[in-house]
Amino acid sequence: MSCILHIETSTEVCSVAVSEDGQCIYSKEDFEGPSHSTTLGVYVDEAMSFADSHAIPLDAVAVSCGPGSYTGLRIGVSMAKGICYGMDLKLLSVPTLKVMCVPVLLGKELPEDALLCPMIDARRMEVYAAVYNRALKEVRGVQADIVDEQSYLEFLEHHPVYFFGNGAEKCKEKITHPNAHFLPNVHPLAKWMFPLAERQMFNEQFEDVAYFEPFYLKEFVASKPKNLL
């Protein structure tokens, strides 16, 4: 197993964590943002000081890679790259929407055929979302969706679908199918990154520190509702 520093800055929440041997041993979060440019450096220093004071050498840095805020991701990825360069550490990238699924899978009993739909808020009725099964296998990839009454019906007709994240709240009035369930207060946080990051570490799925770029929201094109096609 290994010790990993985790950085999550994809939304207005800034968080940092340290994991070792399959457990989160340190975490700190700021929900008052966005203030990543001033908060992240302090949190990273504190996390690294914690690891150093316990004589735990870092093996890698994991960063949430989006989709998410351009500014937030840029700050987080720049910090992660700088640490990897300076300390000769491996770089891991963890998809933000999968990070959001971890607390749901760990904290709630779900039907066996349940699908998870994490959502990141965008403008108006637009969200950035993906659909996963309980094994975190991708059922539908990341897309920018303009949400209306027809959204996600192909999944809702056959499965209970759990919607969560800062984009889900505004969709409640549009998505009213009886199989739709909305979970409150689910955020992408660094302390939920470790199961995904450690799997990537085990499989040696490292990023090239020089060339790695995150998935900014602007890189996705919204899928228009059928009545606009």
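The legends below describe views of a predicted model of one protein.

**View 1. The whole chain and its confidence.** The predicted protein averages a pLDDT of 93, and 94% of its residues score at least 70. Over residues 224–229, by contrast, the pLDDT is below 50, and this stretch has four contacts in the model beyond near neighbours in sequence. The secondary structure comprises five helices and eleven strands.

**View 2. Overall dimensions and packing of the fold.** Along the principal axes, the C-alpha atoms fill a box of roughly 55 × 35 × 30 Å. The radius of gyration is 18 Å, which agrees with the value near 17 Å that a compact globule of 229 residues would have. Of the 229 residues, 50% count as buried. Among contacts with a separation of 6 or more, 64% join residues 24 or more positions apart.

**View 3. Surface and charge.** The accessible surface amounts to about 11,300 Å², and carbon and sulfur atoms contribute 49% of this area. The protein carries 19 positive and 31 negative side chains. The centres of these two sets lie 7 Å apart.

**View 4. Helix α1 around alanine 51.** Helix α1 spans residues 36–53 and includes alanine 51. Alanine 51 counts as buried because its relative accessibility is 2%, under the 20% cut-off for a buried residue. Valine 18 is 33 residues away from alanine 51 along the chain, yet the C-alpha atoms of the two are separated by 7.7 Å.

**View 5. Threonine 96 in helix α3.** Threonine 96 belongs to helix α3, which covers residues 96–107. With a relative accessible area of 0%, threonine 96 is buried. Leaving aside residues up to four places away in sequence, threonine 96 touches Glu8, Ser10, Ser64, Cys65, Gly66, Pro67, Ile120 and Pro188.

View 6. Helix α5 runs over residues 194–202, and its buried residues are Phe194, Leu196, Ala197, Glu198, Gln200 and Met201. Just after α5, glutamate 204 adopts a positive phi of about 55°.

Methods. Residues numbered from 1 in each chain as written. Predicted model: local features only at pLDDT ≥ 70, side-chain atom pairs only at ≥ 80, totals over all residues. Heavy atoms only, no water. pLDDT = per-residue confidence, 0-100. Contact = heavy atoms within 4.5 Å. Helix = DSSP H or I, 4+ residues; strand = E, 2+ residues; numbered from the N terminus. Buried < 20%, exposed > 50% of the residue type's maximum accessible area, 1.4 Å probe, protein only. Rg over C-alpha atoms; globule rule 2.2 N^0.38 Å. Areas by Shrake-Rupley, 256 points an atom, 1.4 Å probe, with all protein chains shown as cover. Lys, Arg positive; Asp, Glu negative; His and termini not counted. Charge placed at Lys NZ, Arg CZ, Asp CG, Glu CD.
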